[in-house]
Each structure stands twice: as C-alpha cells, then as structure tokens.
Amino acid sequence: MDIEKIKNIIENYDKVPNKDLTEAMIFLNERFEVTKKTVIDLTHQIDAIERDFNKLNDELKKRVI
C-alpha cells in the first residue's frame, strides 16, 4: 500500500470502506512493530556503547591521575 493512499485513508477515515480501514491498520501496525523493534535495538546499542565508553574513561582517569 502506498503512503499517499494511507494518508488519504487517515484524512478521510469516516468516508472510506472497512476494507481500506483494515488495510491501513495492518500497514500501520506493521510499521509500528518494525519501528518499535528498531528503537529497542538502538537502545541496547546505545547502552552498550555507553557502558564501554565509561569503562575506558574510568581506566583513563586512573592512569592520568
């Protein structure tokens, strides 16, 4: 389903047939789940980077002082 059709369905939701509403909801749900997974994966990656950075930073502080 193309994005323009989705926009049209969202803007005119009270005038479109149930089939279009259902298709749009399936499309949006799939996009939501993919986006949610991406955000969760990125959060784990950021946490790992922060953990590694802090470990190296603490070691550097010990060596400099």
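1. Helices here are DSSP runs of H or I with at least four residues, numbered from the N terminus, and their axes are lines fitted to C-alpha atoms over the stretch in contact, with angles running from 0 to 180 degrees between N-to-C directions. The model is a predicted one, in which local features need pLDDT of at least 70 and side-chain atom pairs count only at pLDDT 80 or more, while totals for chains, interfaces and linings use all residues. Residues are numbered from 1 along each chain as its sequence is written, and side-chain values use heavy atoms, with hydrogens and water left out.

2. Helix 1 (residues 3-11) and helix 2 have axes that come within 10 Å and cross at roughly 115°. Contact, meaning heavy atoms within 4.5 Å, joins Ile3, Lys5, Ile6, Ile9 and Ile10 of helix 1 to residues of helix 2 including Asp20, Ala24 and Phe27.

3. Aspartate 20, in helix 2, counts as buried at 17% relative accessibility, where buried means under 20% relative accessible area, exposed over 50% and partly exposed in between, with a 1.4 Å probe and protein chains only. Leaving aside residues up to four places away in sequence, aspartate 20 touches Lys5 and Ile9.

4. Methionine 1 sits in the segment before helix 1 and is partly exposed at 40% relative accessibility. Its C-alpha atom is separated by 8.0 Å from that of alanine 24, 23 residues apart along the chain, and, not counting residues up to four places away in sequence, methionine 1 touches Ile6, Ile9, Glu23, Ala24 and Phe27.

5. Isoleucine 65 belongs to the segment after helix 2 (18-64), and with a relative accessible area of 86% this residue is exposed.

Terms used
Helices (H or I, at least four residues) and strands (E, at least two) are DSSP runs, numbered from the N terminus.
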